[in-house]
Each structure stands twice: as structure tokens, then as C-alpha cells.
Amino acid sequence: MKKIDLHTHQITEEEYIQVLNVFAQDLPFSENGQLFSTGLHPWHIKNVKHQESLQAIETAMRQKNMIALGECGLDRSIAKDISNQLSYFEEQIRLAENYSKPLIIHCVRAYPDLIKLKRDLKSDLPWIIHGYCGNLETTRSLIRHGFYFSVGESFLKDERKRASFQEIPIDRLFLETDDKEVSIQYIYSTAAQILTADEEMITEAIYSNFKTIFGNDKLICF
Ligand SMILES: [Zn+2]
């Protein structure tokens, strides 16, 4: 069974299923066999042409190997206007809805905004928070609201967040390397250790989550 790296900035190991992050401003992406996600990152909204970026994302949505919209989202730790971030995020959510593709979300200090948005928009899509590192209380609340979590090295390494990680139901969990120089194998074995679970069981569970969310006949990866 293949291990899945749900969000990575570089392709490294061919025996894994990797979802490459491509920023909207770097589109078009033309490697046919490579799964990818693309979106307008909240860090970049001041520096790109929005209509062009959204148009490029929409064009990419029609590619079979573009499997999720993101990373997109909200970041209250940067000085950029949150209402601007919200409006570009909402446009992207609408696009994701139109093409029925899940969201891969960057969220920093904006979990209440995120929960409110998901509730107000009554979105049935899978909303996957990548680089997740919230505390126990936040995790519980996000679980109640149906979110998925993609977890990487910094969360796993943070002893204070251990209970929070252990709280995530296995059927809502993904693992990722993001932009870190770490192997997905290492992330899986660290996760298995923390959960005192068999690595093979985790591999199977995440593979099954991936199939549930992304697996349909149109997908070319399995
Ligand atoms: Zn990333």
C-alpha cells in the first residue's frame, strides 16, 4: 500500500503518492502524470493579478491530475487585510464547489473565521487544513464541524500538542512533508509512534481516506 504525501513543495520519492503544491502564479502546470493542487495563497494576494490568478486556477481545475484547490485560506499573523483574504478565499471556495474538488487550506490564527465560513456556506466539500497545529480545544471544535487535518513535522514534534494530535480521528487524518526537508516515511513512523499504532494500519487508513475523498474513476493515480 502506498504512502501519501498530501501536500509537498517538491517531488522526491517516486514510490509515494505525492500531491504537489503549485502556487496560482506558477500556473499552468503541464506535467500530466503528477497529482497537484493549486490555489492563491493568502501570503501572495497583494503581489499577484487576482483575476488572472483565479482564471488560471479555473483552467487548472479542468485538469484530471489537479485534485484539490489550495493552498488557499486565511492568515491573521500577516499584516494583510483580512477582508481581502476572505474575499479571495470565498471566490476559491466557490470554484472548488463548482468543480467538486476538495480544499487544501492554510489557516493561521483564523480558525473561528474558518468554522464560520464553512457553516455559512453550508459547504459539503472536504475542507482539509494543511500544516495543522491547533490546540486540543480547537481540534475538538474543528472535528465537530467536519474538517480534515493534514499534519506535518512541526505539529508531530511539538510535545505540547501531543494530545491534540491524538484527538484527530484516523478517518480525518492525512500526513504531509510541506516545504520541509524531511521524508514522508519519517512523518509516518513518527505519527505511528505517537499514536502507538502500527505504521501499516496508519498507511492503510490514510490510503482509504484518500480514496474516499479523491478516488474516482477520473483519477489516474492508483
Ligand atoms: Zn505548503
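Predicted model: local features only at pLDDT ≥ 70, side-chain atom pairs only at ≥ 80, totals over all residues.

Trainee: Why is Lys-122 called exposed?

Mentor: Lys-122 has 6 C-beta neighbours inside 10 Å. A residue counts as exposed with 12 or fewer, so Lys-122 meets that description. Lys-122 is located in the loop between α3 (111–121) and β6 (127–129).

Trainee: What makes Asp-178 buried?

Mentor: The cut-off for a buried residue is 20 or more other C-beta atoms within 10 Å. Asp-178 has 20 such neighbours, and therefore counts as buried. Asp-178 belongs to the loop between β8 and α7.

Trainee: Which peptide bonds are called cis, and on what omega values?

Mentor: Another joins Gly-70 and Glu-71, where omega is about 10 degrees. Most peptide bonds are trans. Pro-28 lies in the loop between β2 (17–23) and β3 (36–39), whereas Glu-71 lies in strand β4.

Trainee: Is Pro-28 buried or exposed, and how do you know?

Mentor: Pro-28 has 10 C-beta neighbours inside 10 Å. The limit for an exposed residue is 12 or fewer, so Pro-28 counts as exposed.

Trainee: Which residues of helix α7 are buried, and why are they said to be on the same side?

Mentor: In α7 (residues 184–194), the residues Ile-184, Ile-187, Tyr-188 and Ala-191 are buried. They cover an arc of only 100 degrees around the axis, which means that they are on the same side of α7. The buried residues of this helix pack against β1 (4–8), α5 (153–157), β8 (173–175) and α8 (199–214).

Trainee: Why is α7 called roughly perpendicular to α8?

Mentor: The two helices pack at an angle of about 110 degrees, with their axes 9 Å apart. Angles of 65 to 115 degrees count as roughly perpendicular, and α7 is therefore described in that way relative to α8. Tyr-188, Ser-189, Ala-191 and Ala-192 of α7 make the contact with Glu-199, Ile-202 and Thr-203 of α8. The crossing is right-handed.

Trainee: Which residues have the most contacts inside the largest nonpolar core?

Mentor: They are Leu-103, Phe-149, Phe-174 and Leu-175, in a core of 51 residues. Strand β4 (residues 66–75) supplies the largest share of this core, namely six residues. In soluble globular proteins, nonpolar side chains tend to be buried together.

Trainee: Which residues are in contact with Leu-175, beyond its neighbours within four places in sequence?

Mentor: Leu-175 is in contact with Leu-6, Ser-150, Val-151, Ile-184, Ile-187, Tyr-188, Ala-191 and Ile-206. Among them are Ile-184, Ile-187, Tyr-188 and Ala-191, which are the buried residues named above for α7.

How values were computed: Residues numbered from 1 in each chain as written. Helix = DSSP H or I, 4+ residues; strand = E, 2+ residues; numbered from the N terminus. Arc of directions from axis to C-beta. Contact = placed C-beta atoms within 7 Å. Core = buried A, V, L, I, M, F, W, Y, C linked by C-beta atoms within 7 Å. Axes fitted to C-alpha atoms, helices over the stretch in contact; angles between N-to-C directions. Parallel < 35°, antiparallel > 145°, perpendicular 65-115°, else oblique. Left-handed = near helix turned anticlockwise from the far one by under 90°.
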